[in-house]
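User: I'd like to learn how to read a few features in a model like this one. Can you walk me through them?

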Amino acid sequence: MNVLFVASECAPFIKTGGLADVIGAVPKALAKLGVHVRVLFPGYPAVAKLIEEGTVLQHLDALHGGSARIVYTQAEGLELLFLDAPHLFDRPGNPYLNEDGFDWPDNHRRFGGLSYVASQITIHGVKDWKPDVVHAHDWQAGLVSAYLKQANQPTPPSMITIHNIAFQGLFPESTMTELGLPDAMFHVDGLEYFKQLSFLKSGLVFSDKITTVSPTYANELMSPEFGMGLEGIIASRRDDVSGILNGIDVDVWDPSTDKHLHTNYNADSIELKARNKQELESRFGLDSNAHAPLFCVISRLTSQKGLDVLLNALPSIVSKGARLALLGTGDRDLEDAFRNMSRTYKGLLGVVIGYDEALSKLMFGGADAIIIPSRFEPCGLTQLYGLRYGTLPVVARTGGLADTVIDANNAALAAECATGFEFSPVTVESLSETLNRVCELYADSARWNTMVDRAMHHPVGWEASATSYLEHYQKLLARY
Ligand code: ADP
């Protein structure tokens, strides 16, 4: 079976968040099941060298104001199709924002172009390869299904995965013409979302199948609290909606081989984790304290992630002699607030503002626990990396966090199945209470070590979820 993935990010080539990790990992897991995935994504500067060395499969004379090419290559165990369109993608900044942090003004053309090209590959194939199913990811690929619908001919079936409904790709109605979409599609049962064109809604209305990245988030999305205005349409397609839990690439994220760690370790040599802790403390200028845990946070600093709540819960960490190392970037106010706090709590709170994958891995390797106080979390990956590295997750009970962490309450401790800590609601009181619980359990080193061992053996790979994706592809093909 051939499947075309369409996405705006793909690790390790270009990454701003969890979407990239997923796109870089699922195709490899599907390959083990006999599914042949090609990933179509934009030819950003980060992949210029790969494009130069790749094979040009097709030239496109006109794509939103310039010519473009589809270039094929294989790298990092993946088969890649780049949409090489320099007028759209060869620029500094990140995939969505310019260097000053503003949306690129032509994002509709950039990702509309990506979706259009994906639809053409789906319908006509490219060179001697044609997908049986097209699998779009998030709003950037949302228009694929609209273009397939517009083609008005039998096409392979389409699936869309919602990685985060907070990002919907909204643009003025006037962009419809530019994108070659007919006015007849601009209505409430089509592409219109409160007088604007919504790329994500296109995916939700016209795709044959909708998935999201955890079962709990799939249910949450049908409620006004989490659906962000799209709950009605998702609920109306309830029978076509599934939650398939994200996994992680356990070959890339492996404490026994991770070259960014000071010392490699596994569940049988967990005592070596202490050497990473020492290194982490020194990198963040933190005091040592054998009697209290070292917490970490690795996150975008946005209101979704609930880090304003953590800021106000800091006293419950430092009053116990526990320490926190935070790595993140995002909202300026939060960046400044954490920076300022690190001056107040010198030796107890260490803050690095920035995006640094190597440092993040040392943190997973060296910290005792990772705090993820998200207000909503479609799946979340850092709690899974935490489990894999024996860094116990402390998470808000929402979305995929609720699906992947078993709280160390009395029942779970007695049943010997706890893997972390959960709290709800996302308030300072509730988080503080849970941080106290973590500190108490840390003091019982036998219990703590048992939990760490259990966490490290918790299955976090892609096997089960890749099988689910395959089953859904098969069902879609059987319908056609
Ligand atoms: P989201 O996609 O909403 O940002 P996820 O938990 O799904 O959240 O994925 C975030 C990914 O980005 C993880 O791989 C995490 O380690 C990484 N990450 C987030 N912030 C940073 C940072 N400042 N430096 C390095 N890696 C980061």
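Reading the features

Analyst: Start with α1 and α20, which are roughly perpendicular to each other, a label that covers angles of 65 to 115 degrees. Before we go on, this is a predicted model in which local features need pLDDT of at least 70 and side-chain atom pairs count only at pLDDT 80 or more, while totals for chains, interfaces and linings use all residues. Residues are numbered from 1 along each chain as its sequence is written, and side-chain values use heavy atoms, with hydrogens and water left out.

User: At what angle do the axes of α1 and α20 cross?

Analyst: Axes are lines fitted to C-alpha atoms, for helices over the stretch in contact, and angles run from 0 to 180 degrees between N-to-C directions. Helices are DSSP runs of H or I with at least four residues, strands are E runs of at least two, and both are numbered from the N terminus. Here, helix α1 (residues 18-31) and helix α20 (residues 463-479) cross at roughly 75°, and their axes come within 9 Å.

User: And which residues make that contact?

Analyst: Contact means heavy atoms within 4.5 Å. On the α1 side you have V26, A29 and L30, and they meet A466, Y469, L470 and Y473 of α20. For classes, Ala, Val, Leu, Ile, Met, Phe, Trp, Tyr, Cys and Pro count as nonpolar, Asp, Glu, Lys and Arg as charged, and the others, Gly among them, as polar. This contact has 7 nonpolar residues, no polar and no charged.

User: How are α5 and α7 oriented to each other?

Analyst: They're oblique. Helix α5 (residues 144-151) packs on helix α7 (residues 199-206) at about 55°, with the axes 7 Å apart. S145, A146 and K149 in α5 meet S202, G203 and F206 in α7. By class, that's 2 nonpolar, 3 polar and 1 charged residues.

User: Now the ligand: how many residues surround it?

Analyst: A residue is near a molecule if one of its heavy atoms lies within 4 Å of it. The ligand has 19 such residues around it, and the closest are G18, D21, R300, K305 and G354. The shell divides into 5 nonpolar, 8 polar and 6 charged. Strand β13 gives the largest share, 3 residues.

Definitions and conventions: Angles under 35 degrees count as roughly parallel, over 145 as roughly antiparallel, 65 to 115 as roughly perpendicular and the rest as oblique.
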